[in-house]
Amino acid sequence: MSLNLDGKKEVVAEVAAQVAKSQTLVLSEFRGSKVVDLTKLRADARAKGVYIRVVKNTLARRAVQGTPFEVIADKMVGPMIYSFSEDAVAAAKVVNDFAKGNEKFAIIAGVFGGRALDEAGVKALANIPSKEVLLSQLLALMQNPMSSLARVVLALSVQRGGGDVAAEPAAEVAAEVPAAA
């Protein structure tokens, strides 16, 4: 169905609004994909906060004009699905996971941080752990020296015949540890 001028302006405004708040854009070609499969893709994307839209390429180029996503305007040809996300990796993850099970669905390009990504770059971005996983890894890394110190203090206390360490006040255990030179 063709759009009149007002309809085209609305589409460009809607996509431009999404572009303004997104960190990542992934372009995918869906030629030959089944409607049922694309419906699953849309549902998965919606659940993960990814904005997916099939837009005429000329309208998409206008929407990204003057933004960091403009670097892949030349790749906007053919039947494309545009996936935008505020989360840095969400769009790449959703599209990559869907592409694994659908051979007719192809990742064409992407943009993150103003840099163009090819298919391999989008897949690499998709394989980055989530923010929660990265934070838990950082916390574990930060806790490691403290827990190592606690184990050394416990070992020194037991070695010196401190008895039941759990019953001793923390100040007494800390007093037994020799001062650092």
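I began at the end of helix 3, which is followed by glycine 66, a residue with a positive phi near 80°. Helices here are DSSP runs of H or I with at least four residues, strands are runs of E with at least two, and both are numbered from the N terminus.

Notes on the source. I am working on a predicted model, in which local features need pLDDT of at least 70 and side-chain atom pairs count only at pLDDT 80 or more, while totals for chains, interfaces and linings use all residues. Residues are numbered from 1 along each chain as its sequence is written, and side-chain values use heavy atoms, with hydrogens and water left out.

Entry: glutamate 70. I stayed with glycine 66 and looked for a polar contact, that is, a pair of N or O atoms within 3.5 Å; within protein, one must be able to donate a hydrogen and the other to accept it, and residues adjacent in sequence count only if both atoms are side-chain atoms. The backbone nitrogen of glycine 66 lies 3.1 Å from a polar side-chain atom of glutamate 70. I placed glutamate 70 in the loop between helix 3 and strand 3. Its relative accessible area is 37%, so I logged glutamate 70 as partly exposed. The scale calls a residue buried under 20%, exposed over 50% and partly exposed in between, with a 1.4 Å probe and protein chains only. I then listed contacts, meaning heavy atoms within 4.5 Å. Leaving out residues up to four places away in sequence, glutamate 70 touches Val64 and Gln65.

Entry: helix 3. Which residues of helix 3 are buried? In this helix, residues 57-64, I found Asn57, Leu59, Ala60, Ala63 and Val64. They cover an arc of only 155° around the axis, and therefore sit on the same side of helix 3. The arc is taken from the directions that run from the helix axis to the C-beta atoms. An α-helix has 3.6 residues a turn, so residues three or four places apart point the same way. The cover over these buried residues includes helix 1 (5-20) and strand 3 (80-85).

Entry: serine 22. I looked in the loop between helix 1 and strand 1 (24-29), where serine 22 is found. Is serine 22 buried or exposed? Serine 22 counts as buried because its relative accessibility is 11%. Its side chain reaches the backbone oxygen of glutamine 18 at 2.7 Å. Apart from residues up to four places away in sequence, serine 22 touches Phe69, Phe84, Ser85 and Glu86.

Entry: Asparagine 96 lies in helix 4. With a relative accessible area of 4%, asparagine 96 is buried. I listed its contacts, not counting residues up to four places away in sequence, as Ile107, Lys123, Ala126 and Asn127. Glutamate 103 is in the loop between helix 4 (90-101) and strand 4 (106-112). Glutamate 103 counts as exposed, at 78% relative accessibility. The C-alpha atoms of glutamate 103 and serine 33 are separated by 8.5 Å, and the two residues are 70 apart along the chain.

Entry: glycine 121. I found glycine 121 in helix 5 (residues 119-126). Glycine 121 counts as buried, at 18% relative accessibility. Between the C-alpha atoms of glycine 121 and valine 111, 10 residues apart along the chain, I read 9.2 Å.

Entry: the whole chain. I counted seven helices and five strands. From the N terminus on, the order is α-β-α-β-α-β-α-β-β-α-α-α. Of the 181 residues, 34% are buried. Among contacts between residues at least 6 apart in sequence, 74% join residues at least 24 apart.
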